[in-house]
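My entries follow in the order of looking.

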Amino acid sequence: MKAAPFEYAVPSSIDEALALVADGGEEARFLAGGQSLVPLMAFRLAEPTMLVDLNRIPALREVVIEEGGALVGAMVTQAAAGGAEEIHPLVRQALPLIGHQQIRNRGTIGGSLAHADPAAELPAVAVALGAEMIVKGSSGSRRVVAADFFVTHFATAMGPDEVLEGVWFPNRQPQDGSAILEVGRRPGDFALAGVAARLRLGDGDTITDAAVVPFAVGDRPVASVPAREGLIGSSPGERLFREVAGEVAANVHPTSDVHATAEYRRHAVRVLAARALAQASRLSRGGP
Amino acid sequence: MTMEPVRISLTVNGNRAHAEVEPRRTLADFLREELRLTGTHLGCEHGVCGACTVLVDGDAVRSCLMFAVQADGADVTTVEALGTPDRLASLQKAFVEAGGLQCGFCTPGILMTALAMGHDPDRATDSEIRDAIAANLCRCTGYSSVVRAIRTALGQDSGV
């Protein structure tokens with residue numbers, strides 16, 4: 001269908017955008033890349049009475065190096081982020097998995113995070129890295145760590161009068177390795193199951209930090225606690241990764257639908273977790 | 001802030017276009033209805049089929065997922081920029097020679113995707129091409145002839 005009629009505003013600053021949404025009432029929505037919102041409007045699953053277009057606010061397109069990390073403006077497109085070496089490798093590893101180039105040319109880092117689709121890659125990456133969301137409202141800015149930001153499917157910790165201004169990703173440290181893998185019917189499709197993983201190696205070939213985050217198998221990405229506990233203090237190795245992957249899979253509760261059964265998704269998580277850990281381990285040792 | 005028609009000005013295939021459009025008018029519908037450039041096709045109208053692919057400021061985008069008001073000030077390229085039936089672009093000739101189209105419904109979108117790949121022969125590997133055209137659904141060709149056509153076109157010095 002064609003979208004239902006709406007009012008359209010295109011502010012040139014974040015404060016102007018916030019004021020417009022405050023005046024626009026409950027059915028006012030922000031328009032970022034539109035690659036998730038506009039399909040919903042085409043199905044009339046979303047009928048905002050007002051769209052506040054964020055595409056002409058230059059400050060939201062910037063990537064700023066901040067102490068220990070990179071502050072990525074919410075409206076940095078997924079395509080643009082791919083070329084920004086200041087951003088943590090795991091973010092850039094995720095980008096080719098997002099849809100297709102046409103989608104990444106318009107879709108944004110912030111939009112994907114704010115949309116909070118449980119099958120999306122960037123929320124899982126944010127959780128794996130301990131990213132911080134910079135949320136702005138009429139009363140000021142606050143930072144929300146990724147683990148607290150994703151509440152359930154398509155819902156975040158932001159209030160109706162708040163906007164995601166940017167996201168801070170920490171820097172990769174020497175001896176860090178990361179990987180993200182997913183399975184889908186075709187490249188570019190929504191993931192049926194996926195895993196984002198990172199490892200940090202300390203002296204003596206021991207894992208000093210780790211995160212394994214399955215996605216598309218629950219209502220939001222959650223870092224696996226048993227995986228972290230099983231990895232820290234151990235040495236990387238195939239048997240360890242297989243055991244940890246088993247723990248990760250045992251602790252996800254996917255649902256069955258027309259695309260895949262719960263059993264398949266859980267099996268995929270087990271396979272992908274082991275592979276992602278192996279890849280992350282190779283990269284942390286400086287391998288390919 | 002308005003639900004009433006909004007004035008926009010943009011460049012389409014090198015020509016200036018001025019119009020008044022409802023905010024909800026998609027770029028795809030604007031090109032087809034207001035500008036009568038019906039080469040851009042509507043397949044799914046929700047961003048999965050790629051039939052509506054055009055270039056906006058040089059980037060391939062799904063025009064069914066943009067509103068025309070968002071293209072104010074932009075430089076848009078549609079399939080009509082490539083050539084005419086009497087003077088096909090070399091990209092189009094490559095498709096004809098390779099049999100890269102049958103019903104032709106997906107073809108404008110695929111041509112725009114190919115155009116966006118640029119003139120870089122290094123990108124002409126089958127793997128790169130398949131990755132790019134995965135964004136466009138084609139029910140007729142089975143894609144092999146499309147890959148051949150694009151491989152030929154990208155390998156040519158003259159490009160488009």
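I take two strands as paired if DSSP finds at least two bridges between them. Helices (H or I, at least four residues) and strands (E, at least two) are DSSP runs, numbered from the N terminus.

Conventions. The model is predicted: local features need pLDDT of at least 70, side-chain atom pairs count only at pLDDT 80 or more, and totals for chains, interfaces and linings use all residues. Residues are numbered from 1 along each chain as its sequence is written, chains are lettered from A and ligands numbered from 1 in the order in which they are written, and side-chain values use heavy atoms, with hydrogens and water left out.

Entry 1, hairpin. I found strand 1 (residues 6-12) and strand 2 (residues 15-21) of chain B running antiparallel, joined by seven bridges. The two strands form a hairpin with two residues between them. In its turn, Asn13(B) has a positive phi of about 55 degrees. Thr11(B) faces Arg16(B) of strand 2 across the pair.

I counted five helices and five strands, in the order β-β-α-β-β-β-α-α-α-α from the N terminus. The radius of gyration is 16 Å, close to the 15 Å of the globule rule for 160 residues, so chain B is as compact as a globular protein of that length. That radius is taken over C-alpha atoms, and the rule is 2.2 Å times the number of residues to the power 0.38. The C-alpha trace spans about 50 × 30 × 30 Å along its principal axes. Of the 160 residues, 52% are buried; buried means under 20% relative accessible area, exposed over 50%, partly exposed in between (1.4 Å probe, protein chains only).

Which residues of helix 2 (residues 90-98) are buried? I list Ser90(B), Leu91(B), Gln92(B), Ala94(B), Phe95(B) and Ala98(B). Their cover includes helix 3 (107-116) and helix 5 (144-155) of chain B. Just after helix 2, Gly99(B) has a positive phi of about 70 degrees.

Most residues other than glycine have a negative phi. Arg36(B) has a positive phi, near 55 degrees. I located Arg36(B) in the loop between helix 1 (27-34) and strand 3 (53-56) of chain B, exposed at a relative accessible area of 61%. In chain A, Gln175(A) has a positive phi near 75 degrees. Gln175(A) sits in the loop between strand 10 (163-170) and strand 11 (176-183) and is partly exposed at 34% relative accessibility.

Methods. Contact = heavy atoms within 4.5 Å.
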